[in-house]
Amino acid sequence: MTDETNKNGPDAAAEAQTEAPLHDAVQEADNDAQDLDVLASLQAENTELRDRFLRLAADMDNLRRRTERDVKDAKSYAVTAFARDMLAVSDNLRRAIDAVPAEARAAAEAGLAALIEGVEMTERAMLSTLERHGVKKIEPEGQKFDPNFHQAMFEVPNPSVPNNTVTQVVQAGYTIGDRVLRPAMVGVAKGGPKVEATENTAG
């Protein structure tokens, strides 16, 4: 038998039939590997896009909160400089009122009495308008001295009140929102009992 006969005989047909499924299996395995590569690539891309989306969403949320805070601050504090200037006018109105002695006020003619009353009404209206815009008066008398809200001008020897208690207000202080517009100028007690000692005794 020749080689040609051997190749074309029944054995050759059987070999061809065996090789065909083997070739198909290899090709299918290659296709599966390619599908797995594509799937892994898509999963990686999906993860990256999800991370980018989450970061972008967080950035947008931070921007929204920051913008809301800036808008709120702008509304609350936009009049700060104007309010500070108006306090100077209010101080002058108060000085004008205080400049008239009580005796002169009691014996004042109708014209002077009307003038004094008009100045007092103007001062009240101005302070009321400032309060509507968030400006509030600090009432420190009798309170413990707080350097965040008060400016000490002098010390007063007064053993009847705890040390560092505000005993006198020289110039009223004001806040706008939660910020100090102008600290109160005050006189502070010196030489009294320590506030801590008073608290301990009370406890």
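**View 1. Ile138 stands opposite Gly173 in β4 of the predicted model.** Strand β1 (residues 135-138) and β4 run antiparallel and are joined by 4 bridges. Strands are DSSP runs (E, at least two residues), numbered from the N terminus, and two strands pair if DSSP finds at least two bridges between them. Residues are numbered from 1 along each chain as its sequence is written, and side-chain values use heavy atoms, with hydrogens and water left out. In this predicted model, local features need pLDDT of at least 70 and side-chain atom pairs count only at pLDDT 80 or more, while totals for chains, interfaces and linings use all residues.

**View 2. Strand β4 (residues 173-176) is covered on both faces.** Gly173 and Thr175 lie on one side, Tyr174 and Ile176 on the other, and all are buried (under 20% relative accessible area, 1.4 Å probe, protein chains only).

**View 3. β4 forms a hairpin with β5.** Antiparallel pairing over 3 bridges links β4 to strand β5 (residues 179-182). Tyr174 has Arg182 of β5 opposite. The hairpin has 2 residues between its strands, and Gly177 takes a positive phi near 65°.

**View 4. An open sheet of 3 strands has the order β2-β6-β3 and mixed pairing.** β2 (150-157) and β3 (166-171) are the edge strands, each pairing on one side only.

**View 5. β3 pairs with strand β6 (residues 184-190) in the antiparallel sense.** The pairing extends over 4 bridges. Val169 stands opposite Val186 in β6.

Terms used:
Buried < 20%, exposed > 50% of the residue type's maximum accessible area, 1.4 Å probe, protein only.
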